[in-house]
Amino acid sequence: MSLPEFRLLRPQKLDEAVSWLASQGDQTRLIAGGTDLLPSMKQKLFAPAYVLDLRSIKELRGIREETDGGVGIGALTPLSEIEHSPLIRREFPVLFEAVRTVASPVLRNMGTLGGNICLDTRCLWYNQSLTWRKSCGFCLKKDGDLCHVAPASKTCWAAFSGDTPPALLCLGADVEIVGANGARRVPLSEFYVNDGIVRLHLAANEIVSRVYLPASSRGWRGSYQKLRVRGSIDYPLAGVAVTLKMRSGRVEDARMAITAVNPAPHLVKDVDAQMIGSEVDEVLAEKIGEQAARTAKPLTTSALTPEYRREMVRVFAKRALLAAAN
Amino acid sequence: MTEYSVIGKSIAMIDAAGKTTGSGKYADDFAVPGMLVGKILHSPYPHALIKRIDTSRARELEGVVAVVTGEDAPNQYGILPVGHDETALAVGKVRYVGDNVACVAAISEEIAEQALELIDVEYEPLPAYFDPEQSMKAERDLIHENRPNNIEKDYHHVFGDPEKGFAEADCVAEARYIANEVTHAAMEPHCTLAGFEIDPQTGKQGRLTVWSSTQVPYYLQHKLSLVLDLPMSQIRVIKPLVGGGFGGKSEIIPLEIIAAVAARAANAPVKITYTREEVFWAHRGRPRTIVDLKTGVKKDGRITAVACKVIQDGGAYCSYGVVTILYSGALLGALYDIPNIRYDGFRVLTNKPACGAMRGHGTVNVRFAFESQMDEIAAKIGLDPAEMRRVNLLKPPAITVNGLRVLSYGLPECIDQVITRSGWRERRGKLPKGRGLGVACSHYVSGAANSIIRSDMPHSTVNIKIDRDGGVVVYTGAAEIGQGSDTMTAQIVAEVLGCSLSRVKVIAADTDLTPIDLGSYSSRVTFMAGNAALRAAEAVKQDIVSAAAKRMNCALEEVEIRDDHVWKRGTSLSGADEAAASGRVDGQILRGSVLQSRKEELPKTHMSFEEAVVAAIDIHGGLTGTGSYAPPMEARGGKHKGAGVGPSPAYSYSAQVAEVSVDEETGIVTVHKIWAAHDCGRALNPVAVEGQVIGSVWMGLGQALQEEMVWKDGLMMNPGLLEYRSPSSVESPEIECIIVESIDPEGPFGAKEAGEGSLAATIPAISNAIYDAVGIRLREAPFSPERVLAALRTKRGAKKVEMTEGVDPTEPATFREHGGALWYRGKGPERHVEDPARLGGAR
């Protein structure tokens with residue numbers, strides 16, 4: 001399969017990229033590691049006139065401790081760099097656990113944090129060649145008018161399949177977004193849209209430039225549990241991240257987020273209210289697991305059945321909680 | 001001194017350097033001047049008439065040189081003479097989503113792809129058939145008009161007296177087993193480059209040369225001749241390095257014919273390389289299979305009768321189907337001593353990609369059912385499953401009830417080995433909760449005793465030429481596909497001739513240069529091409545020995561050749577001239593010659609290999625030899641209809657123990673270790689044997705746990721290596737390979753097959769281990785986490801959650817379909833009103 005024709009742009013500075021997008025954003029796709037975009041372009045899911053390669057923009061790279069005690073991670077930072085950062089491993093163990101489950105070591109060398117956050121939603125009816133998609137009359141997300149996994153739905157149910165966002169949601173991360181009018185910072189929890197097509201609150205002329213992990217999340221315990229068939233390569237079929245702040249064996253604060261079972265990653269509501277002041281035991285973990293499962297709305301977007309995946313959200317939420325607590 | 005110098009040693013493959021450095025050339029690495037890129041238009045319909053094809057807009061696109069359709073090459077072909085049901089491109093109708101409709105040859109891939117979009121095809125949908133049991137009821141709109149009820153072929157065999165056998169049984173088990181569809185997933189996608197020479201006499205298209213990723217160059221040459229109406233002498237097929245076949249390249253794959261047809265029309269060489277999706281459509285993998293199995297045993301575990309009904313979902317074309325369905329029945333025999341067998345096999349056509357031969361061809365899914373049922377029976381009668389196998393061993397030499405001749409039989413030792421090494425007796429039943437051990441056995445042919453195309457020609461022929469430089473050139477049609485065919489050939493020739501391996505150059509699989517060999521399938525190469533190589537080497541050696549005897553003034557029987565030395569028996573090598581021993585001969589033209597030497601020297605007692613070769617050439621005027629192999633008549637099987645498939649000159653044997661643990665909350669199965677003992681007769685190259693056994697076990701592991709082609713109304717939902725999940729290195733367990741050498745009386749140096757026989761045992765070994773671990777009997781493969789969990793939940797009486805698309809993995813009735821809805825709102829290729837996609841509606 002060949003790539004559609006496009007013009008490649010390789011700006012050296014962030015403002016060059018931003019000013020290009022200001023005028024041509026609608027016709028431009030950003031490329032970072034390329035592990036998501038290029039296969040999709042070969043499948044003719046995207047045929048942009050321009051592809052803007054962010055990789056020469058040095059200011060988008062690197063892990064940096066901020067003066068306020070938080071940590072900033074450039075959107076272009078390769079996932080393997082985060083995986084191997086002692087600072088991340090020590091202070092934000094949930095992110096360390098999540099990042100090391102992404103795809104495979106080779107793909108983590110290419111894939112970036114920004115790319116993982118902005119990952120396109122995935123579905124077996126969508127991530128297929130043009131020829132294949134013709135044989136099913138296309139789908140709502142691309143060229144069609146039906147969501148095959150939810151035929152009655154007016155919105156797309158392709159699953160968000162990034163591993164790091166649930167971890168980042170648990171850490172209360174912000175994303176910095178740069179556009180023609182300068183930079184703005186939004187909580188990651190307000191960045192996603194639960195619609196497989198709309199996906200993000202991100203305009204075509206904007207770039208995700210950084211991720212901020214707040215000082216207040218430093219040192220929280222954490223765990224990320226991922227359902228996958230293979231020990232490597234696979235996207236998550238379900239994923240649960242948990243962070244806990246503990247004092248003398250009791251929960252001081254807690255957050256939980258799930259991925260790959262909805263069009264967006266979601267924080268599980270009221271987890272903190274149910275847990276604060278409690279010891280983490282099987283009974284509590286079971287209860288929280290059921291709550292996580294209720295948040296999950298998996299459909300037939302991937303090979304394993306939705307019912308199984310929802311059940312695994314329950315089990316993995318429980319396990320993540322117990323793992324983080326102990 | 002050991003018995004042998006070259007064989008029996010673990011050596012690097014002779015083509016390893018090119019593969020590991022990247023300098024080796026695979027089909028897609030070839031380019032010739034003026035070469036065009038071919039792209040194929042595939043059908044979006046599972047079953048439809050083609051009313052009209054308009055290629056004019058595609059032809060007008062700049063850069064497009066030719067567009068071909070079915071009418072450009074309507075001759076039918078197929079790998080089996082009884083199954084000539086394919087054409088290069090669809091003629092009149094399409095039979096599966098992905099069927100081949102047209103091909104564009106253009107100056108670039110991009111232009112060829114654009115041109116595909118400009119081809120206008122008008123289809124008239126027909127009802128389609130996706131489930132084989134439904135398809136068997138079809139009375140009209142047949143997939144092939146000459147196949148009533150969409151049954152490609154059915155066989156009904158009775159050996160012994162099954163009714164009596166069941167009547168005598170103390171215990172009878174009966175169940176349905178289902179194995180879902182798997183494919184080869186070879187690393188190299190198929191690729192063919194085809195181009196015609198210009199005939200210098202006529203100026204017209206002359207000979208055709210084809211470079212192709214094939215396991216069967218000779219069959220490709222034959223089928224190209226059929227489709228193109230070209231004599232075989234005008235076609236040269238060259239097989240470059242092949243990046244894995246596993247059966248997926250063991251017949252003629254559509255692109256191989258299409259590239260030649262397109263090259264003919266374009267008057268230029270055309271290369272087609274499949275995308276991974278196209279590889280899945282070309283498929284020819286293991287069909288999803290229903291096995292209804294009944295086994296009767298005595299109290300002591302002895303089998304009294306087996307009744308087996310097999311339904312294979314063969315897809316839209318015959319391919320190897322008739323052979324597959326026969327293997328499924330025939331290889332119920334030759335592993336254990338079964339006195340009475342009834343077999344009913346149905347190969348059924350459906351509107352899906354064609355299934356064909358895949359590693360362990362025809363045996364794997366039936367073996368899964370059989371070995372699982374043995375385990376169930378053992379539990380019922382309270383017998384150790386390993387002991388159950390032991391009491392049913394054959395007593396060779398034997399002819400089985402269905403006419404298979406078994407000579408060498410290392411199965412008893414294979415069982416002993418894995419039982420001992422796995423600590424079966426000490427550990428089984430004492431492992432922690434959720435952890436278990438399972439045992440299973442399997443076997444496979446060392447080549448088919450009867451060839452696909454009935455003829456009296458040898459199955460393998462090998463030529464050898466040795467020149468005055470002492471270089472040995474071996475010409476073989478056998479196809480190296482990564483399994484070590486070339487290395488095996490070189491080893492046997494070097495061993496027989498007594499020369500070093502580095503002298504031997506293998507020229508293989510080029511129909512202009514190499515003698516006919518049927519190819520690399522049914523694990524035939526070591527046994528058949530190996531025997532041919534051995535005989536060719538022995539023929540050449542005679543000339544060398546006679547010349548050396550003359551030179552050393554001794555009897556023929558006194559000449560010894562080994563490790564590049566030639567000496568008269570009884571003389572010591574220690575005094576031999578160092579230069580001679582090293583193999584160097586100054587002035588190969590004179591110094592070595594017999595006449596010259598006679599004048600100068602007394603008779604020698606030692607010679608170098610080169611001296612002996614030069615002497616032989618001086619005397620005989622050349623040094624060549626030919627050897628060929630055809631299986632003996634006694635090994636060719638019985639007389640019943642379909643008796644031709646199953647017989648082999650020798651069978652390999654495997655026994656395996658798997659140790660697994662099951663996560664009872666998630667249903668995820670972890671395989672910790674597999675002990676695999678394989679009887680390969682003699683290991684000519686032990687490390688290569690281990691590689692083959694480990695590879696087979698690993699492939700079985702994939703089918704057991706995670707590989708599965710997922711279907712929805714004839715659409716393959718996972719035609720890529722991201723969603724079709726072959727195991728990664730992370731979840732691949734340690735595999736301890738134990739080589740058992742039974743020294744076959746007819747194999748080359750006693751060798752038999754090593755590449756396929758170990759696959760089938762892995763799947764039931766794992767399912768039996770799962771049973772041992774958590775007490776669930778899975779009768780549907782793969783044992784994917786949702787199936788395992790569903791079975792566990794049923795067992796512990798948990799609340800019913802439908803997580804397996806309505807198919808109970810412990811008692812599967814039918815195949816499952818992917819969820820969701822195909823149906824669209826006026827956007828897609830409208831399906832016929834009776835198509836299951838519309839009848840079923842949205843779920």
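These legends go with a set of close-up views of a predicted model.

**Figure 1. The contact between chain A and chain B.** Let's start where the chains meet: 45 residues of chain A and 52 residues of chain B take part in the contact. About 4,100 Å² is buried between chain A and chain B, and carbon and sulfur atoms give 57% of that area.

Figure 2. Polar contacts across the interface of chain A and chain B come to 22 residue pairs, with both residues at pLDDT 80 or more. On the side of chain A that touches chain B, helices α8 (130-135) and α12 (306-325) each supply at least two residues. Of the elements on that side, α12(A) gives the most, with eight residues.

**Figure 3. A three-stranded open sheet in chain B.** The strands of this open sheet run in the order β4-β2-β6 in chain B, and their pairing is antiparallel. Which strands sit at the edges? They are β4 (93-94) and β6 (120-125) of chain B, each of which pairs on one side only. Strand β2 (residues 48-54) of chain B is joined to β4(B) by two bridges, and these two strands run antiparallel. To find your bearings, pick out Leu49(B), which stands opposite Lys93(B) in β4(B).

**Figure 4. The largest nonpolar core, and another one apart from it.** In soluble globular proteins, nonpolar side chains tend to be buried together. The largest nonpolar core in this model has 156 residues. Those with the most contacts inside this core are Leu208(B), Leu224(B), Leu411(B), Val660(B), Ile766(B), Ile770(B) and Phe783(B). Helix α20 (residues 759-774) of chain B is the top contributor to this core, giving 10 residues. Another core, of 54 residues, lies apart from the largest one, and its members include Ile492(B), Ala547(B), Ile617(B) and Leu623(B).

**Figure 5. A closer look around Leu208(B).** What does Leu208(B) touch once its neighbours within four places in sequence are left aside? Its contacts include Ala194(B), Gly195(B) and Phe196(B). Leu208(B) is also in contact with Leu224(B), Leu228(B) and Leu230(B), as well as with Gln234(B), Ile235(B), Arg236(B) and Ala260(B).

**Figure 6. Asn365(B), a buried residue in a helix.** You'll find Asn365(B) in helix α10 (residues 364-381) of chain B. Is Asn365(B) buried or exposed? Its relative accessible area is 5%, so Asn365(B) counts as buried. The side chain of Asn365(B) makes a polar contact of 2.9 Å with the side chain of Thr289(B). Leaving aside neighbours within four places in sequence, Asn365(B) is in contact with Ala179(B), Arg286(B), Pro287(B), Thr289(B), Val291(B) and Gln703(B).

**Figure 7. Gly642(B) in its loop.** Gly642(B) belongs to the loop between β25 (624-629) and β26 (651-662) of chain B. Not counting residues up to four places away in sequence, Gly642(B) touches Tyr155(B) and Leu326(B).

**Figure 8. Two cis peptide bonds in chain B.** Most residues other than glycine have a negative phi, and most peptide bonds are trans. The bond joining Pro396(B) and Pro397(B) is cis, with omega about 0°. Pro397(B) lies in the loop between α11 (385-390) and β16 (398-399) of chain B. A cis peptide bond also runs from Ala781(B) to Pro782(B), where omega is near 5°. Pro782(B) is in the loop between β31 (780-781) and α21 (785-795) of chain B.

Figure 9. Asn149(B) is not a glycine, yet its phi is positive, at about 55°. Look for Asn149(B) in the loop between α4 (132-135) and β7 (151-159) of chain B. Asn149(B) has a relative accessibility of 31%, so it counts as partly exposed. Asp563(B), also a residue other than glycine, has a positive phi near 50°. Its place is in the loop between β22 (559-562) and β23 (565-568) of chain B. With 37% relative accessibility, Asp563(B) counts as partly exposed.

Technical notes:
Residues numbered from 1 in each chain as written. Chains lettered and ligands numbered in written order. Predicted model: local features only at pLDDT ≥ 70, side-chain atom pairs only at ≥ 80, totals over all residues. Heavy atoms only, no water. Pairing = 2+ DSSP bridges. Helix = DSSP H or I, 4+ residues; strand = E, 2+ residues; numbered from the N terminus. Core = buried A, V, L, I, M, F, W, Y, C linked by side-chain atoms within 4.5 Å. Buried < 20%, exposed > 50% of the residue type's maximum accessible area, 1.4 Å probe, protein only. Contact = heavy atoms within 4.5 Å. Buried area = accessible area lost by both parts, 1.4 Å probe. Polar contact = N/O pair within 3.5 Å; in protein donor to acceptor, adjacent residues only side chain to side chain.
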